[in-house]
Amino acid sequence: MKTVFEAEDAIVGIVCGLLLLGLTGKFFSLKLNDWVYVIAFIVLIIFIFLDIINEFSDLANHFGMVMLSIFHNQVDLAISLAFISHFTGWDIYYITQYLVPYLQSESMIAGIGIFLVVSNFLWIVTIPFWY
């Protein structure tokens, strides 16, 4: 159920992480309109759902990696929803109350950006070893 290739969700995750790093200005500065970040995270959510659907088709081949991937996708989904709530001001049940307050710190946003870049890069590197 992937659209083009296996690692497209990881590439979008890396782009979202780089956008967050640019927002904080820790390594480079890239301050964009809030809706650019919202759109980027909405695209990431779409690819997360496509990846989860695809993972269930591979469940018999490598169960442990599939479960780890689904867990990673859940973390990415929570991060995406938190940033959508943060940038739009929309109240997303549970997310806004518990996760958005952490996004008031630039160091936390930079840490999340680094997590997105590094973790998704590791998925890209390990994909060839799954088959």
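Biologist: Which does aspartate 76 count as, buried or exposed?
Modeller: This is a predicted model, in which local features need pLDDT of at least 70 and side-chain atom pairs count only at pLDDT 80 or more, while totals for chains, interfaces and linings use all residues. Residues are numbered from 1 along each chain as its sequence is written, and side-chain values use heavy atoms, with hydrogens and water left out. A residue is called buried under 20% relative accessible area, exposed over 50% and partly exposed in between, with a 1.4 Å probe and protein chains only. Aspartate 76 has a relative accessibility of 2%, so it counts as buried.

Biologist: Which residues is aspartate 76 in contact with, leaving aside its neighbours within four places in sequence?
Modeller: Aspartate 76 belongs to helix H3, residues 63-88; helices are DSSP runs (H or I, at least four residues), numbered from the N terminus. Contact means heavy atoms within 4.5 Å. With neighbours within four places in sequence set aside, the contacts of aspartate 76 are Ile48, Phe115, Leu116 and Asn120.

Biologist: What covers the buried residues of H5?
Modeller: Helix H5 is made of residues 106-126, and its buried residues include Leu116 and Asn120. The cover over the buried residues of H5 includes helix H1 (8-24), helix H2 (34-57) and H3.

Biologist: Which helix gives the most to the nonpolar patch?
Modeller: The surface carries a nonpolar patch with about 920 Å² of accessible area together, and Phe27, Leu32 and Phe121 are among its residues. Phenylalanine 121 is located in helix H5 and, at a relative accessible area of 47%, is partly exposed. With 5 residues, the helix that gives the most to the nonpolar patch is H5.

Biologist: Why is the pair of phenylalanine 41 and phenylalanine 83 called stacked?
Modeller: Rings of Phe, Tyr and Trp (its six-membered ring) pair if their centres lie within 6.5 Å; planes under 30 degrees apart count as stacked, over 60 as edge-to-face and the rest as tilted. By this rule there are 5 aromatic pairs. Because the ring centres of phenylalanine 41 and phenylalanine 83 are 5.2 Å apart and their planes are at 10 degrees, the pair is stacked.

Biologist: How many residues apart in sequence are the parts that this pair ties together?
Modeller: Phenylalanine 41 is buried at a relative accessible area of 1%, and phenylalanine 83 is buried at 1%. Phenylalanine 41 lies in helix H2 and phenylalanine 83 in helix H3, so the pair ties together parts whose separation in sequence, in residues, is 42.

Biologist: Which residues do ring pairs link into a cluster?
Modeller: The ring centres of phenylalanine 83 and phenylalanine 87 are 6.0 Å apart with planes at 25 degrees, so this pair is stacked. Both residues lie in helix H3, 4 residues apart, about one turn of the helix. Phenylalanine 87 counts as buried at 12% relative accessibility. The cluster that ring pairs link consists of Tyr37, Phe41, Phe83 and Phe87.

Biologist: What is the phi of tyrosine 94?
Modeller: Tyrosine 94 is in the loop between H3 and helix H4 (95-98) and is partly exposed at 48% relative accessibility. Although tyrosine 94 is not a glycine, its phi is positive, at about 75 degrees.

Terms used
Patch = residues over 30% accessible without salt bridge, like charges linked within 9 Å, V, L, I, M, F, W, Y side chains within 5 Å. Areas by Shrake-Rupley, 256 points an atom, 1.4 Å probe, with all protein chains shown as cover. Salt bridge = Lys/Arg side-chain N within 4 Å of Asp/Glu carboxyl O. Helix = DSSP H or I, 4+ residues; strand = E, 2+ residues; numbered from the N terminus.
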